[in-house]
Amino acid sequence: MEVKTSLLDNMIGVGDMVLLEPLSEDSFLGNLKKRFDHSEIYTYIGSVVISMNPYRSLPIYTPEKVEEYRNRNFYELSPHIYALADEAYRSLRDQDKDQCILITGESGAGKTEASKLVMSYVAAVCGKGHEVNKVKEQLLQSNPVLEAFGNAKTVRNDNSSRFGKYMDIEFDFKGDPLGGVISNYLLEKSRVVKQPRGERNFHVFYQLLSGASDDTLRKLKLDRDFSKYNYLSLDSAAVSGLDDAANFRTVRNAMQIVGFMEDEVQSVLELVAAVLKLGNIEFKPESRCNGTDESRVKDKNDLKEMCELLGIEQSVLERAFSYRTVEAKMEKVSTTLNVAQAYYARDALAKNLYSRLFSWLVTRINESIQAQTKARHKVMGVLDIYGFEIFEDNSFEQFIINYCNEKLQQIFIELTLREEQEEYVREGIEWTNIEYFNNAIICDLIENNQNGILAMLDEECLRPGTVTDETFLDKLNTICADHQHFESRLNKNSKFLNDHSLPHNCFRIQHYAGKVLYRVEGFVDKNNDLLYRDLSQAMYKANHSLIKQLFPEGNPAKVNLKRPLTAGFQFRASVGTLMRNLQTKNPNYIRCIKPNDKKASHIFTDSLVRHQVRYLGLMENVRVRRAGYAFRQPYEPCLERYKMLCKRTWPHWKGPAREGVEVLMADLQIPTEEISYGRSKIFIRNPRTLFFLEEKRKQCLQDLATLIQKIYRGWKCRTHFLLMKKSQIVVAAWYRRYAQQKKYRNIKSATTMVQSYTRGWQARKLLRELKHQKRCEEAVTTIAAFWHGTQARRELRRLKEEARRKHAVALIWAYWQGLKVRREYRKFFRANAGKKIYDFTIQRIIQKYFLGLKSSMPSMSPIDRKWPARPYGFLDGVHTELRKIFHHWRCKKYRDQFTEEKKAVYEEKLEASEIFKDKKALYPNSVSQPFKGDYLEISKNPKYQKLNSAVDEKVLLADVVNKINRANGKGTPRIFLLTKKNFVLADQKTGQVKASIPLPDVTSVSVSTQKDGFFALKLKEGSASAVKGDFLLSSEHLIEIITKLHRIGATAADREKLKVDISDEFLVQFKQDKVCVKFIQSSPKNGNSISCKRKNNRLLEVSVPTSP
Ligand SMILES: Nc1ncnc2c1ncn2[C@@H]1O[C@H](COP(=O)(O)OP(=O)(O)O)[C@@H](O)[C@H]1O
Ligand SMILES: [Mg+2]
């Protein structure tokens, strides 16, 4: 467990002045001293941090310390500036409140150091990352640059800020730094030209001369010797503990980090060098003829070098140091400058040059460090302003600085003392008023618009006529005479007439922090801040971009005749803006105290500290703090913030917020004296109570976060688990399936294996058995076979033996019988033995012939000509007869198979054979051709439909024939139709009937003996058909046509048989003439075709090629 320390642990004195008992100024100082002596430089008054300057480095700013204070409550650890920084940063980050850190104290009290500590702490604890680190680095590194140019050694402080600085650090919603904006307030520029004794010019001059390389110095035309420059005070040029050369390198490095370009750095250094050179320009008087003095530059070398550095034409600048041009309305008046005026002009130029360079640096740094986003951001402002100063010789600058400190004190009083007390009264909290000194009256003395000192100074500056510092003092003497905080020798009531500590040219103001005597000398000039226009124009003409930029009013095109605003006016305005800005933010105070005037460690000058405690109003602060309440908040946000600490208010409180808060506090058992309920706010007396609440809230938030986390994690885990479970089931199912499949396959293959082995074994067993059985059977068979063989052979032997014996017996018996028979029949043999033997032999031979014939019968085909040969000549007749009988019988069998149609066909064929066989050479070809009859398929062919209808009988034959023309012997194709009654000749193409001849009119047909198809149909003489004469036709189917004609004639009862003449010469009756048709045989070489030629009137010769 973490060990909680407290402010109260190991406390030296008291860490918080509120706890001081008894409370008195002495005990207060005693506590401070005690703590200071023990190196405890920080002490609280409530939430205000008092910081004593230790003037030595203490080991309390280490990174470990940063970690220690990080995210800890304000009162948890011993007082530290880090606790305040942490508090401010956290309330900026977590509560979205803009913060400002107000650091006050005298010069040298440690304000600048404190501001740097705050910044470095915030930089250490806020976000990290490449971009963020760069921003942080730039913000931090802006300090060395500004300190080099704006800080100087004074008698009070070796590193005294001679300008006011307010820096806004901008953060995003996460608390990461985004950038920053720096505002600067009135640089004490008079220091550039003159430093009080024991003090130095701004650090940068010394740093440049000590730290720059020889080369750089040569380029800047400078010598590494402080004594050569009028503007550098020599008596305190070296400061112990300050290494100017090292600091120069730091500054160069910082400039680079902040984002200065190399040429920008060069320009800046050139300007610094130019200021030094400017200080060396000296003037001498030169009398003019009109008796006035005119200034002249003494030694022009420095002027020349300076002009070279800045790119200014020497003559222009020289003239500007000698003359002054005053423009009034339309006029331009040029007056000469005397030596004093020339010096004044020179110094004014140097001061302006430097202060403008400083402002330019701030602007340039701002450009680099400004936030890159336009997003809304939170702001932490750190104010480090020059501290209250009392010197021997106080001038306008001190007046301004102290005025600024008055304003800061005012804001402190306003917020911590006045406002707080007023709020108690307003809220109706019981309150006894605590008296304190309100410095508003001093602020009023200075800044009042009518009769304030600054207003009067401005009035004096703008007034026509001669204006001097003395006239200004006079004015003050008259107007502020009655003011209790204003004193001067010539005061009206002259109460100070005898006060010799008050010189004549001075006035004294009783500031909150003490009386300060101001010498009026220079007030008017410094307030006017005049730079002769000739000089600004000369600067504008410079061939140096930075210089040109710094003197925009030198642009002749933009001549402004108005007087520029006075320094006092500007400062008042900017301080006013600053105060208004600070009031919008949550203030955090660091009040710095200087323990001694010697910048020495371990010395605690009682009177000095007492004085500071007094004017800072710290005692009053403690009193208000002790009597008052550490914390207040309107009821609504309070309830909203802490409502989770009580069950009744969480999550929603229905009633008024105040009641809710009361219930909440009662529930938390907060002691009643710790809390007061105002009209609209709750007041909490002790910060510890607030921390208790915050701690509780933090814990509760943690618990809530844990609860949310728990539920979310539970949900996430459950969802994850369910998903995993589901997946697991799927995986398991798949795996099981796979495993079972695998197992099943294994078992199956094993089973198959076992089965196959078993079956194999069984099969082999069976095989063996079968083989055995077979072998047995074989053996048996073999044995049986052998046995049977043996038996058979034995039987055979026996039978053979028996047969041999029988044979022998028979042979013997036959021999014996033969012998007996021969002996018996010897006496009958000669009478009839010959015939009997002959008959028997013949009989045996015939028997053998028939049996042989039976086994060698030929086939049943009628055309089979085979017949077995006869064995004996005497069977010749029988043999031929048997052959004939067999053939007839065979033919009959063959005929018996015929159908009627086939029979008719064969009858026709038979008839054809009867008619033509051996008579006509064409016949043998026709034997194998079937008689188709209708070759034209006349009934089916639609072409012959008409012809078909003309013939009413059944067509027996239809064919195309050639009708031979008697005139030339050529043939004309004609359709030849034959029916039972007639024959018809018709045109082959048209089917038109040419002739229809009744068959009875046909008496005979003539054909040749040769292979031609010519035939002549001869008609009965005197019949109607015979008028045209006989027909000489030729056809391929001649045999069929004539056979058919013949058969019709044979079957018809009413007619004679058709006569068929077969001869190579016959007569044909054509009308009246008879023509002889003669057939001759031609040799095949005359062509293969049959030709018919008309030889003469009575002879047609048909030549038929002989077949090869
Ligand atoms: N916390 C500190 N620790 C060590 N030295 C300090 C501390 N604060 C101030 N100093 C010393 O005091 C000097 C003056 O402090 P500084 O902050 O410049 O004063 P101020 O800004 O108030 O004029 C510093 O240069 C430093 O030497
Ligand atoms: Mg300072």
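My strands and helices are DSSP runs numbered from the N terminus (strands are E, at least two residues; helices are H or I, at least four). Two strands pair if DSSP finds at least two bridges between them.

Ground rules before going on: this is a predicted model, where local features need pLDDT of at least 70 and side-chain atom pairs count only at pLDDT 80 or more, while totals for chains, interfaces and linings use all residues. Residues are numbered from 1 along each chain as its sequence is written, chains are lettered from A and ligands numbered from 1 in the order written, and side-chain values use heavy atoms, leaving out hydrogens and water.

**The sheet**

I looked up how β22 (residues 982-987) meets β23, and the two pair in the antiparallel sense over five bridges. N982 has P998 as its bridge partner in β23.

Then I followed the sheet across. Eight strands make an open sheet with mixed pairing, in the order β23-β22-β21-β20-β26-β25-β24-β27. β23 (993-998) and β27 (1059-1062) are the edge strands, each pairing on one side only. From one strand to the next, the twist averages 30°. For that angle, axes are lines fitted to C-alpha atoms (for helices, over the stretch in contact), and angles run from 0 to 180 degrees between N-to-C directions.

I checked another pair too: β25 (residues 1014-1019) and β26 (residues 1031-1034) are antiparallel, over four bridges. There, F1015 has L1033 in β26 as its bridge partner.

E1036 sits in the loop between β26 and α32. Is E1036 buried or exposed? E1036 is exposed, at 71% relative accessible area. My cut-offs are under 20% for buried, over 50% for exposed, and partly exposed in between (1.4 Å probe, protein chains only).

Next I picked K1044, in helix α32 (residues 1038-1051). K1044 counts as buried because its relative accessibility is 10%. What does K1044 touch, apart from its neighbours within four places in sequence? I found E908, F931, G933, L956, L957 and L978 in contact with K1044, where contact means heavy atoms within 4.5 Å.

**The magnesium ion**

Which residues coordinate the magnesium ion (ligand 2)? T112 (OG1) and S161 (OG) do, at 2.0 to 2.2 Å. T112 is in helix α4 (residues 111-125) and S161 in strand β5 (residues 160-161), 49 residues apart, so the pair links distant parts of the chain. Donors are N, O and S atoms within 2.8 Å of the metal (3.2 Å for Na, K and Ca), and since water is not among the atoms, sites may look incomplete. T112 is buried at 13% relative accessible area, and S161 also counts as buried, at 8%.

**The whole chain**

I finished with totals. The protein chain has 32 helices and 31 strands. Its radius of gyration is 79 Å, well over the 32 Å from the globule rule for 1108 residues, so the chain is more spread out than a compact globule. That radius is taken over C-alpha atoms, and the rule is 2.2 Å times the number of residues to the power 0.38. Buried residues make up 47% of the 1108.
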